[in-house]
Amino acid sequence: MIRFLQRTIRGLLCLLSCRISPNELGSLILTINSRVKIQNSEIESRHHKKFEFWRLKYGFPSCTRSKPEDGIVNLTDIALSDTQISLLKKGLNFCLPKEPDLLYTISGIESSLQHQSHVDKHYIRSTITNKLLASSRRSSTAPSATKKDFASLKALKNHRDIIISRSDKGSQVVMMKADEYERKMLDILSDPDTFQEIPTERIAALSDNFKSALRTLKRNGNITPEQFQRFTSNLTGVPYIYGLPKTHKPHIPLRPIVAYHLSPALHLAKYLTNLLKPLVWHTTSFQFKILPNF
């Protein structure tokens with residue numbers, strides 16, 4: 001939502017740039033930026049006070065070995081360098097910037113110049129063209145990453161005994177020992193009420209069984225032909241499970257996440273998610289009937 005609002009504000013500012021003076025536009029941008037900083041500071045302070053209240057009330061220990069402002073939870077004995085901390089602070093979704101989509105930019109500029117005079121159109125086009133050319137020259141010549149950055153990333157990658165993951169809550173980067181992560185995941189999978197071990201041959205026949213069950217549901221009139229086409233998938237992968245560390249809880253347990261993006265039941269899982277989500281707040285448990293031979 002925040003990214004959507006930021007894009008909306010940038011789009012409105014682009015439209016206003018053709019209708020108000022540069023001084024008024026600059027003053028408006030400064031006002032918006034200052035208001036955003038104040039709002040972010042208020043939200044951060046409020047959340048920090050709430051977290052400290054509950055931590056002190058229940059006696060939760062502080063689980064971060066790095067500084068809280070670093071956004072990094074280091075549960076290992078490895079000391080991070082300043083370069084590694086700066087890279088990890090960017091988050092696990094950080095990547096090198098993509099090249100600007102010139103076609104999309106030009107089409108947006110042309111649509112905003114429809115109601116301008118011929119002289120204004122020529123001036124705005126030439127100004128923006130010079131800016132785009134200067135930006136493209138800078139992006140093609142400026143180094144995107146230094147050798148020191150690559151060496152720091154390679155050093156982290158070579159540590160086979162650590163796991164780097166994001167936290168369950170917030171945007172923290174968590175470093176933990178691989179054997180500890182494996183032990184906690186095995187503890188989760190050892191629960192017989194939640195997980196069940198199945199033979200390898202059944203995993204290989206998972207896609208065929210799923211399609212057969214869908215055909216049975218369609219033949220019995222339980223689903224419509226449109227739903228049959230929607231749920232049918234050519235994916236043959238097996239869902240895998242991983243855990244996200246709950247850094248806000250004592251002993252830092254893992255939250256199990258089952259990834260369905262390669263499973264043949266992907267579209268069915270999305271449908272059931274949208275169907276069951278409104279009911280989550282009105283019940284404490286669900287009961288499902290398992291289809292035979294599935």
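Y240 counts as partly exposed, because its relative accessibility is 42%. This comes from a predicted model. Y242 is partly exposed too, with a relative accessible area of 27%. Partly exposed lies between the cut-offs of 20% for buried and 50% for exposed.

**Aromatic rings**
- Searching the whole structure turns up two aromatic pairs.
- In the pair of Y240 and Y242, the ring centres are 6.2 Å apart and the planes meet at 35 degrees, so the pair is tilted.
- Tilted covers the angles between stacked, under 30 degrees, and edge-to-face, over 60.
- Another ring, that of F228, has the charged end of K218 over it, 4.7 Å from the ring centre.

**Helix α9: length**
- Helix α9 runs over residues 206-219, which makes 14 residues.
- At 1.5 Å a residue, α9 should span 20 Å, and its end C-alpha atoms are 20 Å apart, which agrees.

- Which residues of α9 are buried? They are S207, F210, A213 and L214.
- These four cover an arc of only 130 degrees around the axis, so they lie on the same side of α9.
- An α-helix has 3.6 residues a turn, so residues three or four places apart point the same way.
- D208 and R219 are exposed, on the other side of α9.

**Around helix α9**
- What do the buried residues of α9 pack against? Their partners are α10 (225-231) and α11 (266-276).

Terms used: Residues are numbered from 1 along each chain as its sequence is written. This is a predicted model: local features need pLDDT of at least 70, side-chain atom pairs count only at pLDDT 80 or more; totals for chains, interfaces and linings use all residues. Side-chain values use heavy atoms; hydrogens and water are left out. Helices (H or I, at least four residues) and strands (E, at least two) are DSSP runs, numbered from the N terminus. The expected span of a helix is 1.5 Å times one less than its number of residues. Buried means under 20% relative accessible area, exposed over 50%, partly exposed in between (1.4 Å probe, protein chains only). The arc is that of the directions from the helix axis to the C-beta atoms. Contact means heavy atoms within 4.5 Å. Rings of Phe, Tyr and Trp (its six-membered ring) pair if their centres lie within 6.5 Å; planes under 30 degrees apart count as stacked, over 60 as edge-to-face and the rest as tilted. A charge sits over a ring if NZ of Lys or CZ of Arg is within 6 Å of the ring centre and within 35 degrees of the ring normal.
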